[in-house]
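User: I am new to this structure and would like a close look at one part, the sheet and the aromatic rings around it. Could you walk me through that?

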Amino acid sequence: MKIYIDKRLTKKTALILIIAITIGTIFTPTLKTVYAEEVSQPNEYIIAQDGSGDFSTIQEGVDAAKDGDTLLIQKGIYNEEVIIANKEVNLIGVDKTSCIIQYNTLTYRHVPLTIAAGKVENLTLRGTSIGVAPESPKDEEFAQMDAEISANLWEHQKNYKGYAVHIDQNYLYEKQLSFKNCRIISDNNHCVGIGTRGSSAITFEACDIIAKGEGSCVYLHDPTTSEVCGTVDFRMTDCKLTSYVSPFVMNMQSLMPEENFIALTFQNVTVYSKNAKNVKLDGRKSRYIEVYNASGDFGEGWCGLNGYYLTAESAGNTLDEMNAYY
């Protein structure tokens, strides 16, 4: 490397310049290496039960993963309670028919998948009554459940069974969670239990949600803590909701509408309920949608809910209540 020095510079100044250039040349690669490490790309891990991947269980992969990492799940029935807390991890199956996460959901606190942010694709998620039942909650867990009960509707929660998917973490605040090409089945409670958080988006695309137990396909409520309240974008596109026991395909609760705004978008959603015909309207707006307002009144929002509103994009659904114009 040639260094050209202006003859007008003093010898002392020239010496300083040469030293500075030399130091910069030596340390530049090191600085680049450090910067590259800071902006490293997310990792992908292969989950395979036969040991041919990085991990043989999904939870092992979750524990090793960092924010933004992806777990590529190979074929198999994974009898696991997968818990993803306080980080964003993507679960991608190779095929929803042969990639199954299932778990015994006879107790409320144990479900196949607990998650708040990321992507879930090409998987079957099933809450069952088979397999070894998890240990019943202890007294302190019951106390925590009681503290979370927000309405008389759920006084029986001590005997409540688990969902197939549980979404109810503050980590969801200002984040996104999506399900695509999934089959979600519950033999016991609601298929998907959702506690929203503000400035977030939850989407279901091309999903088949099947309620075979006492619960509905989707149970959703807004938060009651001001710090995590706000606007929520909830979307369902090209989905099918089927309920065989409960007359309702969705159960919605409005707990703090003055601080929450739930924007609902339904597009090309097919709805079927075997027992909806047995529900008497008696002032309610839908036989298929169960609503509860903490205020005790009948609201002006979607299906009588305070703070829940249908967007103008909602169309093409078999249930009239889900269409913006009908």
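Analyst: Happy to! Two strands pair if DSSP finds at least two bridges between them. Please keep in mind that this is a predicted model.

With that in hand, nine strands form an open sheet with parallel pairing, in the order β1-β2-β5-β8-β11-β14-β17-β20-β23. At the edges stand β1 (44-47) and β23 (308-310); each has a single partner strand, so one side of each is left without a neighbour in the sheet. From one strand to the next, the twist averages 15 degrees.

Now to the rings. The whole structure holds eleven aromatic pairs. One of them joins Y45 and F55 edge-to-face, at 5.5 Å centre to centre and with 65 degrees between the planes. Y45 lies in strand β1 and F55 in the loop between β1 and α2 (58-64), ten residues apart. Y45 counts as buried because its relative accessibility is 18%, and the cut-off for buried is under 20%.

Another pair is F234 with F266: the ring centres are 6.5 Å apart and the planes stand at 70 degrees, so this pair is edge-to-face too. F234 is buried at 1% relative accessibility, and F266 is buried at 0%. Both rings belong to a cluster in which ring pairs link F179, F204, F234, F266 and W302.

How values were computed:
Residues are numbered from 1 along each chain as its sequence is written. This is a predicted model: local features need pLDDT of at least 70, side-chain atom pairs count only at pLDDT 80 or more; totals for chains, interfaces and linings use all residues. Side-chain values use heavy atoms; hydrogens and water are left out. Helices (H or I, at least four residues) and strands (E, at least two) are DSSP runs, numbered from the N terminus. Axes are lines fitted to C-alpha atoms, for helices over the stretch in contact, and angles run from 0 to 180 degrees between N-to-C directions. Rings of Phe, Tyr and Trp (its six-membered ring) pair if their centres lie within 6.5 Å; planes under 30 degrees apart count as stacked, over 60 as edge-to-face and the rest as tilted. Buried means under 20% relative accessible area, exposed over 50%, partly exposed in between (1.4 Å probe, protein chains only).
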